[in-house]
Amino acid sequence: MSEPTLFESAGDAPDSPRQTGHVPLADRMRPRTIDEIVGQDQVLAPGRPLREAIDRDVLQSVILWGPPGTGKTTLARAIAQATAARYVAFSAVLSGVKDVKDVMTTAAYSRRRDGTRTVVFVDEIHRFNRAQQDAFLPHVEAGDIVLIGATTENPSFEVNAALLSRSKVFVLQPLTPDAVVTILDRALHDSERGLGAAGIEVEDGVLQAIAVHANGDARSALNLLELAASVVPDTQPRVLARALLAPLVARRTLRYDKSGEEHFNLISALHKSLRNSDPDAALYWLARMLDAGEDLMY
């Protein structure tokens with residue numbers, strides 16, 4: 001067997017075989033094409049600039065900004081399927097400057113040799129430091145690579161100004177409950193990748209309850225559906241009842257961080273409520289922050 005190429009070793013190809021063992025439902029149900037992506041019509045509907053660039057295979061460097069579970073990685077992989085370019089995936093948590101420079105060198109060589117473009121996807125690009133981000137800049141400028149960065153943090157604060165000025169930012173919104181229900185229903189009935197072969201039925205309102213609990217996060221919703229399905233009694237018919245789901249959604253997970261985007265969104269909401277002399281709203285935002293783990297002294 002030949003040694004893996006740099007492109008193969010930098011990250012799994014979008015549809016490469018997984019290691020043996022359980023693959024989470026959220027990963028199995030990841031959309032494979034742009035048309036399968038649910039809930040981001042504001043950027044992916046036909047005629048939208050990003051969709052047009054993808055369909056025509058003329059995409060320039062972009063930053064995908066949005067909360068967890070809104071489809072940033074999924075969109076990058078779908079773009080990889082739609083483009084004729086090479087595709088390399090990085091994790092900002094696992095990759096260093098040397099990894100970046102190695103791939104940039106290979107990308108530049110491929111472009112000079114036969115004109116092949118390279119699409120480089122960087123997950124959690126906000127975790128790359130300035131030196132790591134600077135390593136992309138000359139290759140973005142030269143056209144050696146098309147950079148797709150994904151971040152949950154405001155790119156204006158977390159991405160180098162020079163790199164940001166050469167990229168277009170697209171905002172992915174939290175999914176609506178209806179969009180999440182659509183994703184859950186698809187997973188429930190998909191016999192190839194989902195839970196269709198298990199023959200599980202759901203009581204009215206169960207998928208809606210999961211969607212509300214997930215708070216706009218498709219990954220969280222699919223993980224919860226998989227967990228709930230795993231404890232459905234093995235009797236006929238197999239029914240996922242509200243009573244079975246209730247203990248799993250007793251406490252809703254709140255989207256929050258102590259120093260990032262959501263932290264400032266909520267403290268801003270608290271300040272505005274106080275300025276507007278709205279005690280109910282002020283108490284709500286205060287309770288929301290404390291319940292999510294904010295330091296009482298702050």
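View A. Thr74 is buried, its relative accessible area being 9%; buried denotes under 20% relative accessible area, exposed over 50%, and partly exposed the range in between, with a 1.4 Å probe and protein chains only. The model shown is predicted: local features need pLDDT of at least 70, side-chain atom pairs count only at pLDDT 80 or more, and totals for chains, interfaces and linings use all residues. Residues are numbered from 1 along each chain as its sequence is written, and side-chain values use heavy atoms, with hydrogens and water left out. The side chains of Thr74 and Arg30 are joined by a polar contact of 3.0 Å. A polar contact is a pair of N or O atoms within 3.5 Å; within protein, one must be able to donate a hydrogen and the other to accept it, and residues adjacent in sequence count only if both atoms are side-chain atoms. Apart from neighbours within four places in sequence, Thr74 is in contact (heavy atoms within 4.5 Å) with Arg30, Pro31 and Ile37.

**View B. Gly194 in the loop between helix H11 and strand E6****.** This loop connects H11 (177-189) to E6 (200-202). Gly194 is buried, with a relative accessible area of 14%. Residues up to four places away in sequence aside, Gly194 touches Leu25, Arg28, Met29 and Ala187. A separation of 9.0 Å is found between the C-alpha atoms of Gly194 and Ala26, which are 168 residues apart along the chain.

**View C. Strand E4 and its pairing partners****.** Seven of the seven residues of E4 (residues 145-151) are buried. Ile145, Leu147, Gly149 and Thr151 point one way from the strand, while Val146, Ile148 and Ala150 point the other way. In a regular strand, side chains alternate between the two faces of the sheet. E4 pairs in the parallel sense with E1 (residues 62-65) over four bridges and with E3 (residues 118-123) over six bridges; two strands pair if DSSP finds at least two bridges between them. Within E4, Thr151 is the bridge partner of Trp65, and Leu147 is that of Val120.

**View D. The open sheet of five strands****.** The strand order is E2-E3-E4-E1-E5, with parallel pairing. The edge strands, E2 (86-91) and E5 (168-171), each pair on one side only. Neighbouring strands are turned by 20° against each other on average, direction ignored; axes are lines fitted to C-alpha atoms, for helices over the stretch in contact, and angles run from 0 to 180 degrees between N-to-C directions. E1 and E5 pair over four bridges, and Lys168 in E5 is the bridge partner of Val62. Helix H6 (residues 97-114) lies across E2, E3 and E4 and runs at about 170° to E2.

**View E. The buried and exposed residues of helix H16****.** H16 (residues 279-291) has 13 residues and reaches 18 Å from its first C-alpha to its last, close to the 18 Å expected at 1.5 Å a residue; the expected span is 1.5 Å times one less than the number of residues. Ala282, Arg288 and Met289 are buried. Seen down the axis of H16, the buried residues fall within an arc of 130°, so they line one face of the helix; the arc is that of the directions from the helix axis to the C-beta atoms. On the other side of H16, Pro279, Asp280 and Leu283 are exposed. Just after H16, Gly293 takes a positive phi of about 110°.

Conventions:
Helix = DSSP H or I, 4+ residues; strand = E, 2+ residues; numbered from the N terminus.
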